[in-house]
Amino acid sequence: MTLKEVQDILEAEVLVGRDQLQKPVRTAFAADLMSDVLAFAKPDSLLLTGLTNPQVVRTADILDITAIILVRGKKPSEETVKLAEELKIPILSTRYILFETSGRLHAKGITGCIEKVGGEM
Amino acid sequence: MRESPKFEKSFDVEGGSFQNAGNVSGQIKNILKDLGVSTDIVRRVAIICYESEINIVSYAKKGTITLAVTDNAVKIETKDEGPGIPDIDLAMKEGYSTATAAVREMGFGAGMGLANMKKYSDHLIITSEVGVGTCVKMMVMNFPKLLHPDLPVVTL
């Protein structure tokens, strides 16, 4: 599916990266702890999180994350938006809670970038 | 056997500068991409740099991250002027942390940093002196990580 379809499913607002909505996505990872994202997320996935500081964008950049989805209606700080624009990483904001966001995407075919931990390297 | 690096550069990292944390790692990632290092290796080095950078920003007064690229490996060496680590084995334990609230607000400080650095590098050596600072040498071999996700940590 494309980022545009993700936007529609989540009734999300696109805060950064309107020009990148045709990007394809198949997998996602969800966490508020960036060290866990660094430990387990895979490239070309969505990052679902409630954290809004610039470190989310840095983490996404380091891992080649396709787009950041902020859940629970969170809005990023100005610095976060600026960095995302600079690094060309889309940010979408949805009012759904993390559980609903994950469930709605999973029901439409987006899967976890890993299923469970242990021996995934 | 030691080979002379085909690329080497040191970067300064300022302690407490949370807003800029990740800047150096981003630069290192771009350098490696430009050098034509494979995507998987670039990502692993970027992750260990980023965790290292977060550690320096979180705990030290200042530090440096040095990148050296050879034909066979990418080496990262970090040195900081920080509090030092009294018990390295304990610090390596997943979940052990001495992080402040500011660090946790960034989405770090859950005791995963050193564990992640170990997970993504092929070799990792930590030396530390309490009250002086910490040095971490990491190497990512320039071929896919093979059968040993749990390489031993060498403590000097």
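If we walk along chain B from the N terminus on, its elements run β-α-α-β-β-α-α-α-β-β-β, which comes to 5 helices and 6 strands. When I say helix or strand, I mean a DSSP run, with helices being H or I over at least four residues and strands being E over at least two, numbered from the N terminus. Before going further, please keep in mind that this is a predicted model, in which local features need pLDDT of at least 70 and side-chain atom pairs count only at pLDDT 80 or more, while totals for chains, interfaces and linings use all residues. As for the names, residues are numbered from 1 along each chain as its sequence is written, and chains are lettered from A and ligands numbered from 1 in the order in which they are written.

Let me stay with chain B for a moment. Of its 156 residues, 40% count as buried, where a residue is buried if 20 or more other C-beta atoms lie within 10 Å of its own, exposed if 12 or fewer, and partly exposed in between, with the C-beta atoms placed from the backbone. Among contacts in chain B between residues at least 6 apart in sequence, 66% join residues at least 24 apart.

L32(B), which sits in helix α1 (residues 23-34) of chain B, counts as buried because it has 23 C-beta neighbours inside 10 Å. Leaving aside residues up to four places away in sequence, L32(B) touches V37(B), V42(B), V45(B) and V74(B). S17(B), by contrast, belongs to the loop between β1 (7-14) and α1 of chain B, and with 13 other C-beta atoms within 10 Å S17(B) is partly exposed.

Next, a pair of helices. How do α2(B) and α5(B) pack? Helix α2 (residues 39-59) of chain B and helix α5 (residues 113-120) of chain B pack at an angle of about 155°, with their axes 9 Å apart; the axes are lines fitted to C-alpha atoms, for helices over the stretch in contact, and the angles run from 0 to 180 degrees between N-to-C directions. α2(B) and α5(B) are therefore roughly antiparallel to each other, since angles under 35 degrees count as roughly parallel, over 145 as roughly antiparallel, 65 to 115 as roughly perpendicular and the rest as oblique.

Now to chain A, and to α3(A) and its partner. α3(A) and helix α4 (residues 78-87) of chain A pack at an angle of about 20°, with their axes 8 Å apart, and α3(A) and α4(A) are therefore roughly parallel to each other. The crossing of these two helices is right-handed. Here P54(A), V56(A), V57(A) and D61(A) from α3(A) meet E79(A), T80(A), L83(A), A84(A) and L87(A) from α4(A).

Which residues of α4(A) are buried? They are T80(A), L83(A) and A84(A), and they cover an arc of only 100° around the axis, which puts them on the same side of α4(A); the arc is that of the directions from the helix axis to the C-beta atoms. On the other side of α4(A), E78(A) and E86(A) are exposed. After α4(A) comes K88(A), whose phi is positive, near 60°.

In α3(A), 9 of the 9 residues are buried, so this helix is largely enclosed by the rest of the structure. Its cover includes α2, β3 (45-49), β4 (67-70) and α4 of chain A together with α1 and α2 of chain B.

That brings me, finally, to the contact between the chains, which takes 20 residues from chain A and 21 residues from chain B. On the side of chain A that touches chain B, the elements giving two or more residues are α2 (34-40) and α3 (54-62) of chain A, and α3(A) gives the most, with 6 residues.

Notes:
Two residues are in contact if their C-beta atoms, placed from the backbone, lie within 7 Å. A crossing is left-handed if the near helix is turned anticlockwise from the far one by less than a right angle, and right-handed if clockwise.
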